[in-house]
Amino acid sequence: MEIQTAYIETPLGIAILEGNNEGITRISIQSDIDKKELKEEIPDILMEGVKQVKEYFNGERTTFNLTLNPQGTDFQKKVWKELEKISFGKTVSYLEIAKRLGDVKTIRAAASANGKNPLWVIIPCHRVIGSDGSLTGYAGGLWRKKWLLEHESPAKQQSLF
C-alpha cells in the first residue's frame, strides 16, 4: 500500500509522520519546511498517530499505542525494541543498551542503530545518553534531545520571570 504523509506542528519543528495499513514507518522532524506548503489534511490511516504525537507534546501522553512498521536490519530492529522499553522520564546509557542486547562489544553498532531510528519520539532514542550522563549524539540536534528530556522530566522547572 502507498505511504501516506501527515504534518504536525510541534515545539521542535514540523514532524512528518508516514505510514500505511501496515503501520507507521517513519516520523521525522524538520525545521526548514515552509508552513504554507504543508497539507492540512490528515489521512485516515495516520489520524491516531497524529493524535498521540500531539498528546505527547501537550503533556497528556507518556506512552504510545500505535502499530509500528519501521524499516531496518534485524539488528537495528532489536535495538529499537530495546529503546521502546525505556520508560517515560528515564534515561539509559548506550552501554546499558549494548548489555541488554547481550554483548557490550555491540555498543558502537547499537549507537549507530539508535541514530538511524526512523520513528522519532515514538521510539524514544532521545532517552539514551552517554555513560557519564552527557547528552551525546542526536540526529535531531542536541537542543531537541535536551528539550525532550526536560519535557519528560518529573521535576518541571518553574520560570522565575
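**From one residue to its surroundings**

Let us begin with Asn114, which lies in helix α4, the helix that spans residues 107–115. Please bear in mind throughout that this is a predicted model. Asn114 has a relative accessible area of 6%, so it falls under the 20% limit and counts as buried. Leaving aside residues up to four places away in sequence, Asn114 touches Val79, Leu83, Tyr94, Cys125 and Val128.

Two of these contacts, Val79 and Leu83, bring us to helix α2. The buried residues of α2, which covers residues 74–84, are Gln76, Val79, Trp80, Glu82 and Leu83. How are they arranged around the axis of α2? They fall within an arc of 155° when one looks down that axis, so they line one face of the helix. Against what do these buried residues pack? Their partners are α3 (94–100), α4 and β5 (128–129). On the face turned away from the buried side, α2 carries the exposed residues Asp74 and Lys81.

I turn now to the largest pocket, which holds about 260 Å³ of space. Its lining consists of 17 residues, and those nearest its centre are Gly115, Asn117, Trp120, Ala139 and Gly140. The largest share, four residues, comes from β3. By class, the lining comprises nine nonpolar, six polar and two charged residues.

Trp120 also belongs to an aromatic cluster, together with Tyr56, Phe57, Phe64, Phe88 and Trp147. The count of aromatic pairs comes to five. In one of them, Tyr56 and Phe88 have ring centres 6.3 Å apart and planes at 80°, so the pair is edge-to-face. Tyr56 is buried, at 0% relative accessible area, whereas Phe88, at 26%, counts as partly exposed.

In another pair, the rings of Phe57 and Trp147 have centres 5.8 Å apart and planes at 35°, so this pair is tilted. Phe57 belongs to α1 and Trp147 to helix α5 (residues 142–152), and the two are 90 residues apart. Phe57 is buried, with a relative accessible area of 11%, while Trp147 is partly exposed, at 26%.

Definitions and conventions
Residues numbered from 1 in each chain as written. Predicted model: local features only at pLDDT ≥ 70, side-chain atom pairs only at ≥ 80, totals over all residues. Heavy atoms only, no water. Buried < 20%, exposed > 50% of the residue type's maximum accessible area, 1.4 Å probe, protein only. Contact = heavy atoms within 4.5 Å. 1 Å grid on protein atoms, 1.4 Å probe; cavity = no way out; pocket = protein on both sides within 12 Å on 5 of 7 lines; lining within 4 Å. Points joined across faces, edges and corners; volume = space filled by probe spheres on them. Nonpolar A, V, L, I, M, F, W, Y, C, P; charged D, E, K, R; others polar. Arc of directions from axis to C-beta. Phe/Tyr/Trp six-rings, centres within 6.5 Å; stacked < 30°, edge-to-face > 60°.
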